[in-house]
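Me: I've got a model open and would like to talk it through. Can we go question by question?

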Amino acid sequence: MTLPVETTSAQGSPWLVGETATTAPAMGSLTADVLVVGAGITGVTVALLLAQAGLDVMVCEAEYVAAGTSGLNTAKVSALQSTIYSALAARHGIGRAGEYAAASQAGVDLVVELAAAHAPEAGLRRRTAATVATTPDQVDAVRSEIEAARAAGLPVYASAALDTPVPVHAGVCLDDQASVHPVRYVRGLMEAAIAAGARLHEHSRVLDVTHRSPHIVRTGSAEITARHVVVAGHYPLLDRGGYFARLEAQRSYCVAARLRGDEPDVLAVSTLSSETCAPGATCVTTRVRCIAGPLRTR
Ligand SMILES: Cc1cc2nc3c(=O)[nH]c(=O)nc-3n(C[C@H](O)[C@H](O)[C@H](O)COP(=O)(O)OP(=O)(O)OC[C@H]3O[C@@H](n4cnc5c(N)ncnc54)[C@H](O)[C@@H]3O)c2cc1C
């Protein structure tokens with residue numbers, strides 16, 4: 001078997017092949033209305049929306065755009081995520097699960113809108129998302145997810161007749177979800193933010209942020225004064241609230257291979273998994289059990 005790209009996430013991902021920094025590090029004494037820490041999907045979306053609203057925005061990224069989790073994920077844009085609704089309903093009640101569903105669907109809609117406006121090269125494609133039972137003992141989990149997701153307000157339906165490369169015993173499906181090339185998407189949004197006036201500095205790791213506004217933000221080579229700071233570094237990089245002590249490292253294993261035949265249409269994830277895999281790849285992992293669709297590299 002020939003893998004499309006031999007890699008580990010420590011070295012990159014198929015989405016990140018050939019990507020590198022394109023802007024200079026922050027240098028000297030600088031100012032901004034808003035300093036965004038991190039150029040993943042979160043920071044770049046915030047930077048775009050704030051720059052479009054007329055604010056003077058600067059983004060400081062430790063490595064390069066989308067180099068973090070946003071460039072290392074499975075490219076699935078969906079309000080249906082494994083068995084999240086059964087878990088939320090059991091833990092927090094159906095009201096909270098409903099809020100999560102509405103927010104997730106709003107997120108899907110925003111990605112679709114922003115991709116059309118700013119990242120057509122990201123190849124966003126509307127697809128059906130599914131959580132599936134790949135063994136008979138997962139069928140009950142799928143049934144519970146159908147009930148919980150419906151009660152949370154999502155128009156899910158049951159189907160086991162899915163276009164997946166592995167047999168499926170049951171499935172909960174949600175139409176009109178999407179797949180997208182995550183790095184091209186984030187880069188497209190970053191370019192749009194820059195066109196709207198935002199400044200980007202890569203290789204600019206934020207080391208410290210003072211408490212009161214105007215905040216003084218320190219990198220290795222700059223001191224930035226900003227009225228507001230958005231920390232979008234994907235982990236609690238500031239020592240506030242003791243969150244660093246609750247952070248737990250996890251590792252996902254994934255094998256991607258080219259499929260024989262056509263790309264399955266469905267974005268499928270099994271109930272056993274808390275993760276998904278690249279649309280377009282068949283993935284077998286210790287945590288990720290079932291994935292569908294061919295992996296697109298550049
Ligand atoms: C294996 C896996 C598969 C996934 N699959 C999916 C999926 O299919 N669909 C989905 O919706 N989600 C998926 N996710 C989750 C999703 O990828 C993340 O929630 C999302 O990318 C997080 O984006 P972010 O911008 O918050 O963080 P990141 O993309 O990690 O961006 C944070 C950025 O901040 C930078 N940074 C960190 N510290 C500093 C600092 N001190 N100074 C400056 N910059 C800093 C980092 O370099 C990085 O670029 C998956 C996650 C994993 C791990």
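Me: What share of the residues in the protein chain is buried?
Reply: Keep in mind that this is a predicted model. A residue goes down as buried if 20 or more other C-beta atoms lie within 10 Å of its own. Of the 298 residues in the protein chain, the buried ones make up 47%.

Me: How far can I trust it, then: what is the mean pLDDT of the protein chain?
Reply: Across the protein chain, 87% of the residues reach a pLDDT of 70 or more. Residues 274–298 are a stretch to treat separately, with pLDDT below 50, though the model still gives that stretch 94 contacts beyond near neighbours in sequence. The mean for the protein chain comes out at 88.

Me: Are α1 and α5 roughly parallel or roughly perpendicular?
Reply: Helix α1 covers residues 41–52 and helix α5 covers residues 182–195, and their axes come within 8 Å. They cross at roughly 30°, and angles under 35 degrees count as roughly parallel. So α1 and α5 are roughly parallel.

Me: How many charged residues are in the contact of α1 with α5?
Reply: On the α1 side you'll find I41, V44, T45, A47, L48 and A51, and these meet V186, L189, M190, A192 and A193 of α5. By class that gives ten nonpolar residues and one polar. As for charged residues, there are no charged ones.

Me: What about α3 against α5: how are they oriented to each other?
Reply: Helix α3 runs over residues 94–118, and its axis comes within 9 Å of that of α5. The crossing angle is roughly 65°, and 65 to 115 counts as roughly perpendicular. The two helices are therefore roughly perpendicular.

Me: Which residues of α5 make the contact with α3?
Reply: α3 passes α5 in a left-handed crossing. From α3, the contact uses L114, A115 and H118. Facing them from α5 are Y185, G188, L189 and A192.

Me: At what angle do α2 and α4 pack?
Reply: α2 covers residues 84–92 and helix α4 covers residues 139–151. Their axes are 7 Å apart, and the packing angle is about 70°.

Me: How many charged residues does the contact of α2 with α4 have?
Reply: α2 passes α4 in a left-handed crossing. α2 brings Y85, S86 and A89, while α4 brings S144, E145, A148, A149 and A151. The classes are five nonpolar and two polar, and the charged count is one.

Me: Is S82 partly exposed or buried?
Reply: S82 has a positive phi of about 50° although it isn't a glycine, and it's found in the loop between β3 (76–77) and α2. There are 18 other C-beta atoms within 10 Å of S82, and buried would take 20 or more. That makes S82 partly exposed.

Me: And where is H203, with its positive phi near 50°?
Reply: H203 is another residue other than glycine with a positive phi. With 17 other C-beta atoms within 10 Å, H203 is partly exposed. Its place is in the loop between β7 (199–201) and β8.

How values were computed:
Residues numbered from 1 in each chain as written. Predicted model: local features only at pLDDT ≥ 70, side-chain atom pairs only at ≥ 80, totals over all residues. pLDDT = per-residue confidence, 0-100. Contact = placed C-beta atoms within 7 Å. Axes fitted to C-alpha atoms, helices over the stretch in contact; angles between N-to-C directions. Helix = DSSP H or I, 4+ residues; strand = E, 2+ residues; numbered from the N terminus. Parallel < 35°, antiparallel > 145°, perpendicular 65-115°, else oblique. Nonpolar A, V, L, I, M, F, W, Y, C, P; charged D, E, K, R; others polar. Buried ≥ 20, exposed ≤ 12 C-beta atoms within 10 Å, placed from the backbone. Left-handed = near helix turned anticlockwise from the far one by under 90°.
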